[in-house]
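Please keep the sequence and the structure in view.

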Amino acid sequence: MRVKTIQIVWHEKKPVYSVDFHSSGVLATGGGDKDVKLWEVKLDSEQNPVVTHLGHLMGHTRAVNTVRFAPSGQLLASAGVGGEMYLWKPSTETQKVFGSEETDPGWKTSAALRGHTDDVQDLAWAPDSSALISGSIENICIIWDVEAGARKCRLEDHRHYVQGVTWDPASEFVISQSADRTCRVYGPKGPVLGKKKAKKSQAASSVNMVLDMQCLHVLSKRAMPASGPSEHEQEDSKPQRLSLFQDEQLNSFFRRLAWSPDGSFLVVPCGQYKQTADSPTLFTAYVYARGHWAQPFLRLPATNKAVVAVRFCPQLFSLRDCPQQDNGLSGNQQQQPFQLPYRMVFAIATLDSIIIYDTQQPTPIAVLGSLHFEAVTDLAWSCDGAFLAISSYDGYCSIASFDKGELGEFVLAADLPPHIRERVACAAKQAAPAASTPHPHKTPGPASGSASMPPPSTSQATADRTVPRTPRRCGELRLKLFDCHIHAISSIAEC
């Protein structure tokens, strides 16, 4: 693995707030300069990651906080300050890019989604690309019908900024996380007596699922036995309840949570853990098993900074062979926290480091540090697992590259159950779109720029706009094993 901070002007020296990969390997970034930019990521002759600027999408009038490609790969959503939200689609028209001698097919504005009046902090697509959820500092989430380009419903349960949203790969749950120290799980209402079930064709679309959606669970606090001078007093006293998550004093605009590609578990950032009420606070990310919301079953210890984002590699990997232990159990049976027939790799971002985990072992694969001199804002894996992009407030992005087979051997799609195969295709942005292709015809007033999106092998001129200043830390790889363990949580009191 190699990691490098790419020292070019990404967004006119402004913060880079978000990154995401298309299935073709093209990287989209959103930043403080009001543009969405597209980049080609590849390796140079020395196998170091480099980027080539492909173009930019103009339409936003203020900073862009989040960019996300649809699972179908046919749409790009961007949102930011002032509630501005745009959908972009590939354009077959030939347009001349401003300041360039070349004319390339690009992306153009497909629709403007109007409903938020203040900053949108995060976006998440439905697995079939028929719907989109956005969270804003108005304390609300909005679910959008992408084909109609219209608001479908509002979720107004939070009492503070909504800073993270995610959509279940199985299209059963929608999750939001807020600065009010709660994480809310939304899902369909139970069957009502005397009410006919929806037709299969309607239920098949994610956008129709939201019609019967309600808040099912609130992840907020955990119980802890109260401390006392004697056991008798402890029995009489009520257990204390401690917050699982950090409050609004967190030094970040984002709480970007994520589902695993197969939908088996959810990883929630911005966690805090105390062994007792008087113990020091430890930063962590919590892991919830699908459908088991009463308590997290794992906590992932972080460094001395808060966790702000989580992203999974879209690919599933074969299990590694583990040596036999003295007790007769293999390493898998003895230490593996996730009992799965395959491995998944994911990264959690703290304010100053990246921790990469593997579901087959109880310790991280690696910790990447000294990459940026300001806080990390977002993460994104390429769809083939070859690259991990990291964005930061300092105006730079770092790229980690992995050699073929370094993370493991891919599980073949034919070896997966059909429902898991579909979910992994969504994570890799290769999912089939909804029955009616979502291409709204409403086009907003602002002019849209164009940017080409060739496959990664297309040759382009290397971006030559270098930053006049050099970071205090060059961002080369600092790799080390992380010696803190994942602690399995067997009861609420132990959490």
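A nonpolar core is a set of buried Ala, Val, Leu, Ile, Met, Phe, Trp, Tyr and Cys residues joined through side-chain atoms within 4.5 Å. Buried means under 20% relative accessible area, exposed over 50%, partly exposed in between (1.4 Å probe, protein chains only). The model is predicted: local features need pLDDT of at least 70, side-chain atom pairs count only at pLDDT 80 or more, and totals for chains, interfaces and linings use all residues. Residues are numbered from 1 along each chain as its sequence is written, and side-chain values use heavy atoms, with hydrogens and water left out.

The largest nonpolar core has 29 residues. I354, I356, L368, W381, L388 and F402 have the most contacts inside it. Elements giving two or more residues to this core include β25 and β26 (353-358). Strands are DSSP runs (E, at least two residues), numbered from the N terminus. A second, separate core of 25 residues includes L300, A302, L340 and Y357.

F346 lies in strand β25 (residues 345-350). Its C-alpha atom is 5.8 Å from that of I356, ten residues along the chain. Beyond neighbours within four places in sequence, F346 is in contact (heavy atoms within 4.5 Å) with residues including V267, I356 and W381.

| Residue | Relative accessible area |
|---|---|
| F346 | 1% |
| C183 | 0% |
| C426 | 15% |

How many disulfides (cysteine sulfur pairs within 2.5 Å) are there? The count is zero. For C183, the closest cysteine sulfur, in C215, is 9.7 Å away, too far for a bond.

Terms used
Helices (H or I, at least four residues) and strands (E, at least two) are DSSP runs, numbered from the N terminus. A disulfide is a pair of cysteine sulfur atoms within 2.5 Å.
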